[in-house]
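The sequence and structure follow.

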Amino acid sequence: MSTCAKVSRDLEEPLAGTAATARTWLLVEQPGPWGAEALTSSHLDPVLGRALERAAADTGVRIALIRRPGRHADCHKVAERRVYAAHTTPGNVWLHSATTSDPGQLLKLDFAELGRGRSASFDTVLDGRPHDGDPLALVCTNGKRDRCCALLGRPLAAELAASGVAGAWEVTHLGGHRFSPTLLVLPFGYAYGRAEAHAVKEVLQGVREGRVVTEGCRGSSAWERPGQAAELAVRTAVREDAAGALSVVRTEGEAPHWEVTVAHTDGRHWLVTVSRGASSPPRAESCGSALGSPARMDVTAVRELSRTAAASPATR
């Protein structure tokens, strides 16, 4: 039987501009089964899950549950769990970690401050510290959202863990089921689709060296989708792989056409024209859904601006 991931791959649907959007990620370890809405349909207290959803709403913080790859004991009580917070905006990228025996402490976090890239409440409330281990490789495996995530994601997560990737975790939801296996890498916050173990290891090595691998990349979660596509287009055009080199500083227009200004830390700027198109022929966005025409981000022009033009009001 055909799956949404196979159809998307066969049709060579583009990946750029399809990443989930979140300036800050809050990841909470929760073993055991996950439902489609994991914060309220796992062994995490659903009352707490709903409260966390409310606390994070409109703050730029996205909460996800994580668990180690492999078989999961259906246990209701977790003595101690790992928690991570990561901010992904270039110039202020960080990843902190903590452990807690009381997940209710998470409600004491200042979500608005976390969304703005300030880690103080995470460090104070949870005794958090900068993460000094390997980068995190978060593979979506939640089959209750889409079977492709389980069929393709769980074997990838298991293979990564078995081969010694210490930062490998399963995660509840990264969006884009049809691009499975999907992957988010922290601290930089770049998402990948149709991931394979050997490619993931190259991506992680790049992270250790401060580089972004663009092959298979869906974009940075720090930007909205037009910005994701624009930044990747500039990286490709000028062969720039330094992780913190580029930022999306301005997006003008509205769907389906935008002009996105991408800035380099060395002072260069580019104006990138992005259009939202409809994928053809029709295909399902997830297994079991009706046929449709998923939106795609098409970059139609990349133009380097003079320094005068980049600073002029006409380009703002």
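**Serine 286 and the spaces in the model**

Apart from residues within four places of it in sequence, serine 286 makes contact with Cys4, Asp146 and His177. The model is a predicted one. Within it, serine 286 sits in the loop that joins β14 (283-284) to β15 (291-292). Is serine 286 buried or exposed? Its relative accessibility is 17%, and buried means under 20%, so serine 286 counts as buried.

Sorted by class, the lining of the largest pocket has 9 nonpolar, 3 polar and 7 charged residues.

The second largest pocket has a volume of about 300 Å³. Of its 14 lining residues, Glu37, Leu39, Glu53, Arg62 and Ile63 are the closest to the centre. Two or more lining residues come from each of α2 (46-56) and β2 (61-67). Strand β2 has the largest share of this lining, at 5 residues. The classes in the lining of the second largest pocket are 8 nonpolar, 2 polar and 4 charged.

Pockets are open, and the next space is a cavity, from which the probe cannot get out. How many cavities of 30 Å³ or more does the structure hold? There is 1. The largest cavity has a volume of about 50 Å³. Its lining consists of Val185, Phe188, Gly189, Tyr190, Tyr192, Val203, Val207, Arg211, Val212 and Val213. The elements that each supply two or more of these residues are β9 (190-192) and α6.

By class, the cavity lining holds 8 nonpolar residues, 1 polar and 1 charged. Gly189 is among the residues lining this cavity, and Gly counts as polar. Arg211 also lines the cavity, and Arg counts as charged.

Notes
Residues numbered from 1 in each chain as written. Predicted model: local features only at pLDDT ≥ 70, side-chain atom pairs only at ≥ 80, totals over all residues. Heavy atoms only, no water. Helix = DSSP H or I, 4+ residues; strand = E, 2+ residues; numbered from the N terminus. Buried < 20%, exposed > 50% of the residue type's maximum accessible area, 1.4 Å probe, protein only. Contact = heavy atoms within 4.5 Å. 1 Å grid on protein atoms, 1.4 Å probe; cavity = no way out; pocket = protein on both sides within 12 Å on 5 of 7 lines; lining within 4 Å. Points joined across faces, edges and corners; volume = space filled by probe spheres on them.
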